[in-house]
Amino acid sequence: MGTWAVDAFGNDDAADWLRELQEADDLGPVVEAIQAVTSVGEDELEAPESAVALAAIEVLARLGGSTGERDAHTEAIDQWMERTRAVPTPEILASAEAAIDRILGEDSELRELWEDSDDYEAWVRSVQSLRTRVAAGAFR
């Protein structure tokens, strides 16, 4: 996975997933990305699935009005939001929080990869910030 930043869209997997989201007319890709993490069970969670789930959770945060940093990726999300006017259910939001717990927990390849880097603490802060932003969403 090519990675250039600690934020949700700072990697190739998330950037590639964004194209899938842009083609969708609903929250389907968001739900699928989150379920790919929450359905793993006790097996090791692979890094690409985690990266895509964090990008999907970033979309939920933005839908709730918590925009965070702005860049070319977030402009694409804003355009998708304007076109779809999607509203997540409470179940999707709860799944997003469970996915973050799983990504930060044991047997998470993405967490392990970040642990081996100098930017681990910054990445954890970024993921925790994302959790806070989703929880503070206007749809709560």
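I started with aspartate 107, which sits in the loop between α5 and α6. Its phi is positive, about 55°, although the residue is not a glycine. The model is a predicted one, so I kept in mind that local features need pLDDT of at least 70, that side-chain atom pairs count only at pLDDT 80 or more, and that totals for chains, interfaces and linings use all residues. Numbering runs from 1 along each chain as its sequence is written, and side-chain values use heavy atoms, with hydrogens and water left out.

For the element names, helices (H or I, at least four residues) and strands (E, at least two) are DSSP runs numbered from the N terminus. I then looked up exposure, where buried means under 20% relative accessible area, exposed over 50%, and partly exposed in between (1.4 Å probe, protein chains only). Aspartate 107 comes out partly exposed, because its relative accessible area is 38%.

I found arginine 85 in the loop between α4 and α5. It counts as exposed because its relative accessibility is 58%.

**Serine 108**

Next I checked serine 108, in the loop between α5 (90-104) and α6. Buried or exposed? Serine 108 counts as buried, because its relative accessibility is 0%. A polar atom of its side chain lies 2.7 Å from the backbone oxygen of isoleucine 103. I was using polar contact for a pair of N or O atoms within 3.5 Å; within protein, one must be able to donate a hydrogen and the other to accept it, and residues adjacent in sequence count only if both atoms are side-chain atoms. Not counting residues up to four places away in sequence, serine 108 touches Leu45, Ser50, Arg102 and Ile103 (contact means heavy atoms within 4.5 Å).

**Helix α1**

I moved on to α1 and looked for its buried residues, which are Ala14, Ala15, Trp17, Leu18 and Leu21. They are on the same side of α1, because they cover an arc of only 160° around the axis (the arc is that of the directions from the helix axis to the C-beta atoms). I noted the general rule alongside: an α-helix has 3.6 residues a turn, so residues three or four places apart point the same way. The buried residues of α1 pack against α2 (28-38), α3 (47-63) and α4 (72-84).

What caps the N-terminal end of α1? Asparagine 11 does, with a side-chain oxygen 3.2 Å from the backbone nitrogen of aspartate 13.

The twelve residues of α1 (residues 12-23) should span 16 Å, and the end C-alpha atoms are 18 Å apart, which agrees.

**Helix α3**

I did the length check on α3 as well: its 17 residues should span 24 Å, and the end C-alpha atoms are 25 Å apart, which agrees. α3 is mostly covered, with 15 of its 17 residues buried. Just after α3, glycine 65 takes a positive phi of about 95°.

**The cavity and the pocket**

I searched on a 1 Å grid over the protein atoms alone, where a cavity is a set of points where a 1.4 Å probe fits but cannot get out, a pocket is an open set with protein on both sides within 12 Å along at least five of seven lines, and lining residues have an atom within 4 Å of a point. Grid points are joined across faces, edges and corners, and a volume is the space filled by probe spheres set on the points.

The structure holds one cavity of 30 Å³ or more. The largest cavity has about 60 Å³ of space. Twelve residues line it, and the closest to its centre are Asp7, Asn11, Leu110, Trp114 and Trp123. α3 and α6 (109-115) each supply at least two of the lining residues.

The largest pocket has a volume of about 260 Å³. I found 17 residues in its lining, with Asp7, Ala8, Glu58, Ser126 and Arg133 nearest its centre. α3 and α7 (120-135) are the elements that give two or more residues to that lining. Which helix gives the most? α7 does, with six residues.

**Arginine 133**

I finished with arginine 133, in helix α7. It is buried, because its relative accessible area is 14%. Its side chain joins that of glutamate 58 in a polar contact of 2.5 Å. Leaving aside neighbours within four places in sequence, arginine 133 is in contact with Glu58, Ala61, Arg62, Ser66, Thr67 and Gly68.

Terms used: The expected span of a helix is 1.5 Å times one less than its number of residues.
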